[in-house]
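The sequence and the model are shown first.

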Amino acid sequence: MSTPTIVRSMVAREGREMQRYAPSGARLVAGVVALSPDKTKVLLVSSTARQDKFVLPKGGFETDEPMPEDAAMREAWEEGGIIGRISKPLGVIDDPRPPKVFVADVAGGGIVPPRAEYYFFEMEIEKELDKWPESEKRIRKWATYKEAISGLINRPELIEALDRSSIIKS
């Protein structure tokens, strides 16, 4: 699989004015499962809300990005300071958490759309830099499958992405 060409800015994007949404209203998000070369560890980054909580690098798929892979690679750089190549798509995962705003009857069908649709990709890391756009507000750490699962306990969509990856689960 080819790696998208991205411009690596030292300023992380903020805001949602360029955010893409699915026809259902779900926010489109792209992220990576970045594995060590031996596939025994995954790179996690601290949440900006709580430095003691860790997540996979991910964020909004924006209107100036042709493919979700472009957004995933940008987010890997902005949040984790990693550069690499996408080795395989992990598919689309709906966010099972309830929407932040409840709508009584969406489009007359009574179906509430997912909060987000996640496009995840497995990534082979080529470089891990010491300074990156969010290095002042995020911590990154390598975790085994079991460590990652226990840390992502309240994020089933992130666990699903990890489970779809090639990480060694022993």
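Is Ser165 buried or exposed, and at what relative accessibility? The coordinates examined here are those of a predicted model. In this model Ser165 has a relative accessibility of 6%. Because buried denotes a relative accessible area under 20%, Ser165 counts as buried.

**Surroundings of Ser165**

Ser165 belongs to the segment that follows helix 3, residues 156–164. Leaving out residues up to four places away in sequence, Ser165 touches Val33, Leu35, Lys88, Leu90 and Glu122. A polar atom of the Ser165 side chain lies 2.7 Å from the backbone oxygen of Leu162. The C-alpha atom of Ser165 is also 9.4 Å from that of Met123, although these two residues are 42 residues apart along the chain.

**Overall fold**

The protein contains three helices and seven strands, and their order along the sequence is β-β-β-β-α-β-β-β-α-α. Of its 170 residues, 47% are buried. Among contacts with a separation of 6 or more, 75% are accounted for by residues 24 or more positions apart.

Strand 1 spans residues 27–35. Nine of its nine residues are buried, so strand 1 is largely enclosed by the rest of the structure. Both of its faces are covered: one side carries Arg27, Val29, Gly31, Val33 and Leu35, the other Leu28, Ala30, Val32 and Ala34, and all of these are buried.

Strand 1 runs parallel to strand 6, to which it is joined by nine bridges; within this pairing, Val29 stands opposite Tyr118. Strand 1 also pairs with strand 4 (residues 58–60), here in the antiparallel sense and over three bridges. Gly31 faces Lys58 of strand 4 in that arrangement.

**Strand 2 and its partners**

Strand 2 comprises residues 42–46 and is mostly covered, with five of its five residues buried. Val42, Leu44 and Ser46 lie on one side, Leu43 and Val45 on the other, and both faces are covered. Strand 2 is joined to strand 7 (residues 140–143) by four bridges, and the two run antiparallel. In strand 7, Trp142 stands opposite Leu43. Strand 2 also pairs with strand 3 (residues 54–55) in the antiparallel sense over two bridges, with Val45 opposite Val55.

Neighbours within four places in sequence aside, Leu44 is in contact with Phe54, Val55, Leu56, Ile139, Arg140, Lys141, Ala143 and Ala148.

| Strand pair | Sense | Bridges |
|---|---|---|
| Strand 1 and strand 6 | parallel | nine |
| Strand 1 and strand 4 | antiparallel | three |
| Strand 2 and strand 7 | antiparallel | four |
| Strand 2 and strand 3 | antiparallel | two |

In soluble globular proteins, nonpolar side chains tend to be buried together. The largest nonpolar core in this model has 23 residues, and those with the most contacts inside it are Val33, Val42, Leu44, Leu56, Phe120 and Leu162. At least two residues of this core are supplied by each of strand 1, strand 2, strand 3, strand 5 (82–94), strand 6 (116–128), helix 2 (145–151) and helix 3. Helix 3 provides the largest share of this core, with four residues. A second, separate core has 16 residues, including Ile82, Ile86, Phe121 and Met123.

**Aromatic and charged side chains**

How many aromatic pairs does the structure hold? There is one. The pair is formed by Tyr118 and Phe120, whose rings are stacked at 5.8 Å centre to centre with 15° between the planes. Because the relative accessible area of Tyr118 is 4%, Tyr118 is buried. Phe120 is likewise buried, with a relative accessible area of 1%.

Charged side chains also lie over aromatic rings. Arg20 is placed over the face of Phe61, at 4.2 Å from the ring centre. Lys141 is placed over the face of Phe54, at 4.3 Å from the ring centre. Both Phe54 and Lys141 are among the residues in contact with Leu44.

Terms used
Residues are numbered from 1 along each chain as its sequence is written. This is a predicted model: local features need pLDDT of at least 70, side-chain atom pairs count only at pLDDT 80 or more; totals for chains, interfaces and linings use all residues. Side-chain values use heavy atoms; hydrogens and water are left out. Buried means under 20% relative accessible area, exposed over 50%, partly exposed in between (1.4 Å probe, protein chains only). Two strands pair if DSSP finds at least two bridges between them. Contact means heavy atoms within 4.5 Å. A polar contact is a pair of N or O atoms within 3.5 Å; within protein, one must be able to donate a hydrogen and the other to accept it, and residues adjacent in sequence count only if both atoms are side-chain atoms. Rings of Phe, Tyr and Trp (its six-membered ring) pair if their centres lie within 6.5 Å; planes under 30 degrees apart count as stacked, over 60 as edge-to-face and the rest as tilted. A charge sits over a ring if NZ of Lys or CZ of Arg is within 6 Å of the ring centre and within 35 degrees of the ring normal. A nonpolar core is a set of buried Ala, Val, Leu, Ile, Met, Phe, Trp, Tyr and Cys residues joined through side-chain atoms within 4.5 Å.
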